[in-house]
Every structure is written in structure tokens, then in C-alpha cells.
There are 2 protein chains.
Amino acid sequence: MHSALTPRPLPTVLLVSLVPVAGWFVLRPLLDPVPPLPGLYTSVGLSIYAFLAALYMIPALGPTFIKANLKGRDLLKTYSDPIPESQGLVCASIYIILLIIFIPFPFARTVASLSHAEANGDSSRGSEPLHHQLAVYLSSLLSLMMATMLGFLDDVFDIRWRHKLPIPLIASIPLLMVYFAESGNTHVVVPLPLRGLFGVLLNLGPLYYLYMSLLSTFTTNSINILAGINGSEVSQALIIAISVIINDLLYLPWPVDFRIPLHLLGNKAEVDIGGEWHAGMAYGSQELVSRHVFSLYFMLPLVGVCLGFMYHNWYPARAFPGDTFCYVAGMAFSVVGIQAHFSKTLLLFFLPQIFNFVLSCPQLFGLVPNPRHRVPRFDADTNKLYPSKTMFLRPPSRLTTLVLRILSVLRLTELTINSTTGVIHECTNLTILNFFLVNLGPLHEKRLVQVLMCTQVAGSVLAFVVRYGLAGLVYDGDRR
Amino acid sequence: MHSALTPRPLPTVLLVSLVPVAGWFVLRPLLDPVPPLPGLYTSVGLSIYAFLAALYMIPALGPTFIKANLKGRDLLKTYSDPIPESQGLVCASIYIILLIIFIPFPFARTVASLSHAEANGDSSRGSEPLHHQLAVYLSSLLSLMMATMLGFLDDVFDIRWRHKLPIPLIASIPLLMVYFAESGNTHVVVPLPLRGLFGVLLNLGPLYYLYMSLLSTFTTNSINILAGINGSEVSQALIIAISVIINDLLYLPWPVDFRIPLHLLGNKAEVDIGGEWHAGMAYGSQELVSRHVFSLYFMLPLVGVCLGFMYHNWYPARAFPGDTFCYVAGMAFSVVGIQAHFSKTLLLFFLPQIFNFVLSCPQLFGLVPNPRHRVPRFDADTNKLYPSKTMFLRPPSRLTTLVLRILSVLRLTELTINSTTGVIHECTNLTILNFFLVNLGPLHEKRLVQVLMCTQVAGSVLAFVVRYGLAGLVYDGDRR
């Protein structure tokens, strides 16, 4: 085995010391005085366990995966030792099992009624909202399970990418069915300029279901096609999850008052802070708080497993995520976007993925030849990555030539042109990774993934500016 | 390819004519006048689709399974062509997806309230029972999904049997968590002779959860170890499912009066028939009716996929079920036994499995050597199956000798004894299949599975006699 492939050492003492810390968080809601939002403490505790479990189980199960023929060679390395593939399955299993074990903490009538009564001074509320939330939570789990299952089937049966596209549609069926059974909201708030036409609220009806299923198709596949270098999939998922968490935290009833300087972002909406729920963007709406708490329940453990997995997937990778990881992470984002009703905000966190998807369209839809792999090309001598190219076996059509020339002017691709005939006979593959390499020059693999991560972070910062600044121009505070 | 292995022909005309019939059943609840228990019509329709889907998809996906290395050779045949293995995965996928698509029919407030109001003349009931039932339904689906996932992982990673045993425990976690969150009943009705000690109802508390998880471990593994000949797993599942359905039908509000001649079975309980819910053993208890309707929702499509799969798994088998099938079927039985509260009755339908499990114990727990396969031995010349044997490499201990001699006297095993020393050096493997062969002589494989099926049917008949006859001696009509 190549020396770079011995499992990464784990700082056991440091990690073992996390076990009691996590235990305290898990059990905190059972201790007096019950904190507000007790479920969140448990969720944080379980997320730490998720991190530890991923950290230890990924290397432990590596040989089992290799034995079951779930392995691949790293295309961008000099060595060809087999690396365990599809280990996103381990992440997904840890994630889902912890989410299942979590069920009684927010949803058991005995536990929840106790803490709700304490927090609200109101023990008379019926258990119906709890039943409803439990059904929604369980349908989300079902969709995650289906995404795991289908992702793993994809890894085992190696489904062709055209057949893959609808897979997330199937996985989102439980979500949609329960959304329908529970008479979920299908209204959208109309942007200010269009209110003359449609009114304040527009009922999309069946179109809303179409929108939801397309959302899960997008979040899932967009991570899956921005892949190929060590750490790319997991770092995207990690940064998006953290962005969602930051957005959720804005809506929690913090005990201290705080104020986002919205006026700096051009938003003129009044910021009214205080009341029973103290600070936070929820402005006292218990429904908004509970939606974002729901989102946190799914995002916190996702961050846990991502961090644990990233340790082994980081350059040079000891483990590959496989499609399973992308499907589960993508579905988790869809779940929170749909169930907590912030799908537009969620999409803002996918700016690099949207860019990559739009850029890929000429290849996905057949204008430009689409080779099996579009990952950058590895040069063993310089140990750097170069843009990979796709070759035109026949001269490109006029439409293709036009599209490619525009992309080339925008520095989105690099063309190789026959100097005598002027016909394009090669272009770099249309991915964000090749785009980086075209503009920044050849990069080391680790540096390239760092560039990708910085872009993702910058995208999230931009997303917050748009969401809490510019959105004020087309939406008022009305959120449903 | 061996001629016996070309896919079985399908009578397409006959089958296509089933499509509109199934369609009528699915859509019947949406037509006026709404029938009582409208969900059952849809369930019957979807079960027909389940049958058709299994019938067509099993052979269609066979080559894909073989290509993904999910294949095995049939140990009891002369040919060694690869047969697709783990095709229970196809059954499980059809089963679960149809159960998910089914969700809106009984649980959507719009659909259900309409039909409930019609059926009961009572539109004022809140939606809380519906929410509660939906949560229970979803948790059952989650457990089925986990059983599928774990069964398939078992097939891919080929987990050793000792490590397999606890797998159903994991799959039952969603069931238990939601049972707890929904404050499920943990009381059992005490048999009449013990009521002086414990009272009428005994709260088992945590022990009840232990009981439920052991139940799923048993139903799952007991089917998995009664395996090895063509059609054995699926025929067991089919007959148990049909038995459960017959038992459920007894509790439905039939429009005609009928009376089970309980006095013939020695039961002296009064049979009071009539009222709003007409005939049926539920005696007007709407809760009992809804429990058994819930059970039918899970059992009807299971019968559908079993029938479809059995067509291809019948001797000589064109497809193998794999662990996936046993796990899903076993978990489905646990789900209905637990959620519809008839686990004792359910266990009565497992009499051959209980017999096989008890008989296997000396091998499972190490008294007698346990070879990798315990299936009967195939003799190519006579084309019949003979009891397979396990050999003692060392002389058996005194305990083992005692146990084996008792089993031998009861004709449960056949011993080969060294004529000079009197030491046992071989015995037939301790399974119900070898037990049949020891007592009935060598049998053709098809005949052996028919014997097994007859035994299963006889077991179910006995179960009904015990449940509705003898049980009257130790239980009164009190069911909770």
C-alpha cells in the first residue's frame, strides 16, 4: 500500500473527552431547569456523536468496502491502490440512525409536554401540533432513507447518468405524499412588482408539488456533478449546511437582543425586536421558530458526519463518498428547504452549484461531447491539475460554435482551434473546476478544492446580502 | 444457458386485462357513493399492481443483478448457470413504493374526511386520530425501509450469521421510537389463571419494548433460516400473510351477519353480532376495526409481490430472494403484529418456524457443528433430495450425545454411530427440511417445498383453532 494511504491517525484522548460533553448535551433536556428549545441540546449532543462515529467508522469499514468490490482508484494520483468507494453509505447510516434515535426527545408526549409547559407556561395545548410535526419529521426521514438506498443502488449497479436524473424524484415521493396528506401550504408570496397581477398570495397548487420535486432533483444532482477531486463533495455539503444553520440561528429566540444592520444592506424594513421570544428574525412568531428548529435538527448532525468524513476524504483521500453521499446530503437540504419553507433562501446557498450546472448544460444536453469523466487532468511531473478537454470528432455545429465562442470570450472555457480551417476541435470540459484552472492556471489538487471552498463561502456571504438586503426591494416582511 | 433457465413465459393478455380492474379498485374511493372502508379498495388495487410489477420486473432486472455480481448458483441442481440473487430487493422496492404512493388515500384530510363523514355520518371528529395513524404508518414504513437496506447490505457484504442476528433490532428502532413518542400501550391482558397475582391488565413498561424488538428479530430470522430450496422463503411468507389477512377479515364490518361456530371449538363466550358495524369479531369496536384495516394495508400488497415473485422463484428457480426478501417480509409481519396488537396470534402463524428454530438450537448455539449450508443434499442420479449431515470431528460431549439421542428417538434427526465404539460421528442437520426427509424418505425438491407449504397451512389451521377455541380457556373477550 502506498504510504499516503495508511489511515490518518486519530487524536484519541482529545476525541474521547468529547464523549461526556456530548452526553451532557443529549441529557440536558431531562435536567431541571428545562431550557427553552430543549430538543436543540440533544441535537447538538447527537451531532457530536455523529462526528465521532464517522471519524472512527469510516477507516474501520474501509477494508470491508474494498472486499465487497466497492472501491475505486484515485484518477488524479500517481499510485493506483484501491480506495474504498461509496463510504457516504456509512455517513448516511450514522446520520439516519441518530435522527431516528432522536425521535422521542422532541416528539414524545411525556418529554415534550413537560418541557413545553415549562418554556411556555402553557400546558393546555393539545398534542395535535406534535403529531403533525412527527408525521412531517418521519416523512423527511423516509425521503432520506430512500435517497440513501437509491444512492447505494446507483453505486452498486452503476446507473448511467441520464437514468440517474429522476432518482431524486422517487426519493422525494414520501415528502410530497405526506405534504399532501397533511394539507401542506401551496401558496407563495408574490413579489411586490407582480402583486397587481396576482395579489399578495398565489396558490400554485399542483405546480408547487412539481417545484418541490424539482428542488430535490436539483439539490441532489448539483452536488453530484460538482465532483471528482478529493474533498469536493463533502466540502460543498459542509459549507451549505453551515450556511443553513447560520440562517436558522437568526430566527431563534436568543435571550440577548441583537440587530442585523439591515439598513447597510439597503433594506428599509423596521426591525422590531423583543417580546416573549426576545431577539431573532422570527419577531415572536412561534411557527417560524419551530420551522427553523426543525431545520437545525437535520442540519446539525449533517455537519457532524461531514466533518468526520472530511477528515478521511481530504487530500490525499483515504475514502470516497460515492453517489450515496451526494444523494443524502442533497436530499437533506431539500427536506429542510421544503418543510421549513425557505427554499428560495436555500437555493441562494447553491450559487456555485447553479453556476456549475448552467455552465455544464451544453455538455449535459448534447451540444458538446460529454466524456465519462470531466475531472481536471493530472500531470504527474508537475503534480498539478490542468483543465481537461473534450474533443470534437466531427466539426461542431454552428450553434455549438456560437455558444463556445461566447463562453470563451467570458473566459469560461478554452478552445483549441485548427489554425488553418478555423474550426474548433477541442474545448475544456464545462465545469466550475476547469473554469478555475483556465483562469487561475494549473493548481495543486488541494489548492483547487480550497479555491472551491472559498467560492462556496463567498457565495453564501452573497446569499445573505441578497436575502436580507436586496430581497427587501421585491418582498416585504410577509413570510408564509 | 441451461434450458430450464430461460425466463418463464408470461400470459400477457390475461395480465394486461388486470390493469383496468386494479385501476377501478384504486379509484373506487373517489367515486360516489363512497364505500365504507374506502382505503381497502385502493389497497386491493395497488396489490394487483404489486403483483404485476413483480411478475414483470423480476425477469427484466435479472441480467442487471448478475452483472452487478449479485448472483449465485443453485446448489441443488445439475447445472451451474448463475441465477440472479437478492431479487427480494425488487420485491421490497415495489412493496415500499406502493405503500408510499398509498399514503394520501387513507390519510389525506381532504380524501379521508370526505369518506369518513359519509361512512360514519359524523364529520365533526378532529383530525388528530388521522395524524396519529399517519405517524404510526410512517414509522412502519421506516422500519421496512431499514429492513430492506440492511438486508441488501447483508447480501452485498455477506455478513456472518452471528453478526446478522441483531440486524432486525436496528430495523425495529423507528417502530419502537414512534411507539414511545406516541405513548403506545404497554399493557398486556393477563391470562385468567394468573389474574389473582397480577390483576386484569399488567403494565410491562420497558419489557414490552424488549418483547417488540425480540418479536421482529424472531419473525425476520426465522424465515431466513428456513431456507435453501426453491420457493421455500416466499411460500412461507405468502401463507403467513394470507393467514393474517383471513384473521383481519374476521374483524371487518361485513354487511352480512355471520357467526363462527365457536362452540364447536370449546369456546363458551357469547357471540353478539349486529349493531352499526354489523358482523365481525370487532363487535362494534371501531378501534379494533381500524387496527385490522391497518394490518390489511400492509398484508395485501405483500401477498401481491409474493405471488409475482413466486412465479419466478418456483422450482426450478429463475430468481433467488436473498436475505433482503426475508428481512422485509419478516419485518412486515412484526409491524402488523405490533401496531395492530395481535402479536400472540401472529406467533401462532409461525408454528413451523418456531419448530424449525427450536430444532436448530443445538446447532445455532454450538452443541452440534454448524456447517455453512444446512440445505438437504442433492443426488443427481435419483434427482432427489436426501438429508444433509454434519460430521463430528471430535467425539461429541455427553450433553450433545444425550440431546442427539433424544432427538433421534423423536425421529427429529438420524444418527450415524460408529458400530464398535458406539460414538456418534454424524447426524443429519437439525432443520425442518431434513426432518421431513428423515421421516418421508428422499423427495424431489418441488415435492419437498410442497410438503413445507402443506405444513405451513396446517399450522395456520391449528393456529385459528387455538386462537378462537382454546384461547377462551385462558382469556376472556377482553382485547386491548
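**Exercise 1. A salt bridge in chain B**

Which residue forms a salt bridge with Lys77(B), and how far apart are the closest N and O atoms?

*Solution.* The structure is a predicted model, in which local features need pLDDT of at least 70 and side-chain atom pairs count only at pLDDT 80 or more, while totals for chains, interfaces and linings use all residues. Residues are numbered from 1 along each chain as its sequence is written, chains are lettered from A and ligands numbered from 1 in the order in which they are written, and side-chain values use heavy atoms, with hydrogens and water left out.

Step 1. A salt bridge is a side-chain nitrogen of Lys or Arg within 4 Å of a carboxyl oxygen of Asp or Glu.

Step 2. The partner of Lys77(B) is Glu445(B), and their closest N and O atoms are 2.6 Å apart.

Step 3. Lys77(B) belongs to the loop between β1 (71-73) and β2 (82-84) of chain B, and Glu445(B) to helix α20 (residues 445-474) of chain B, so this pair ties together parts that are 368 residues apart in sequence. Helices (H or I, at least four residues) and strands (E, at least two) are DSSP runs, numbered from the N terminus.

Step 4. Lys77(B) and Glu445(B) are both buried. Buried means under 20% relative accessible area, exposed over 50%, and partly exposed in between (1.4 Å probe, protein chains only).

Step 5. In chain A, a network of salt bridges links Asp74(A), Lys77(A) and Glu445(A).

**Exercise 2. Two further salt bridges**

*Solution.* Step 1. Over all chains, the search finds 8 salt bridges.

Step 1. Arg372(A) pairs with Asp158(A) at 3.5 Å, N to O. Asp158(A) is in the loop between α7 and α8 (161-164) of chain A, and Arg372(A) is in the loop between α17 (351-364) and β5 (377-379) of chain A, so the bridge ties together parts that are 214 residues apart in sequence. Arg372(A) is exposed, at a relative accessible area of 66%.

Step 2. Arg291(B) meets Glu287(B) in a salt bridge of 3.1 Å, N to O. These two residues both lie in helix α14 (residues 286-313) of chain B, 4 residues apart, about one turn of the helix.

Step 3. Arg291(B) is buried, with a relative accessible area of 10%, whereas Glu287(B) is exposed, with 51%.

**Exercise 3. The interface of the two chains**

Describe the interface of chain A and chain B by its contacts, its area and its residues.

*Solution.* Step 1. Contact means heavy atoms within 4.5 Å. By this rule, 41 residues of chain A are in contact with 41 residues of chain B.

Step 1. The two chains bury about 3,700 Å² between them, 81% of it on carbon and sulfur atoms. Buried area is the accessible area (1.4 Å probe) that two parts lose on being put together, summed over both.

Step 2. Leu142(A), Met149(A) and Phe157(A) supply 16% of the area that chain A buries against chain B, more than any other three residues.

Step 3. Across this interface the rule finds 0 salt bridges.

Step 4. Helices of chain A that each supply at least two residues to the side touching chain B include α3 (38-67), α4 (88-101) and α7 (128-157). The most comes from α7(A), with 17 residues.

Step 5. The residues on this side of chain A divide into 30 nonpolar, 8 polar and 3 charged. Here Ala, Val, Leu, Ile, Met, Phe, Trp, Tyr, Cys and Pro count as nonpolar, Asp, Glu, Lys and Arg as charged, and the others, Gly among them, as polar.

**Exercise 4. The relation between the copies**

What rotation and what shift superpose chain A on chain B?

*Solution.* Step 1. A rotation of 180° with 0.0 Å of shift along its axis superposes them, with RMSD 0.0 Å. That is the relation of a two-fold axis. The superposition is by least squares on the C-alpha atoms of residues with pLDDT of at least 70 in both copies.

Step 1. Among the residues of chain A, Ala135(A) comes closest to the rotation axis, at 2.4 Å (C-alpha).

Step 2. Of the interface residues of chain A, 100% are also interface residues in chain B, so the copies meet through the same surface.
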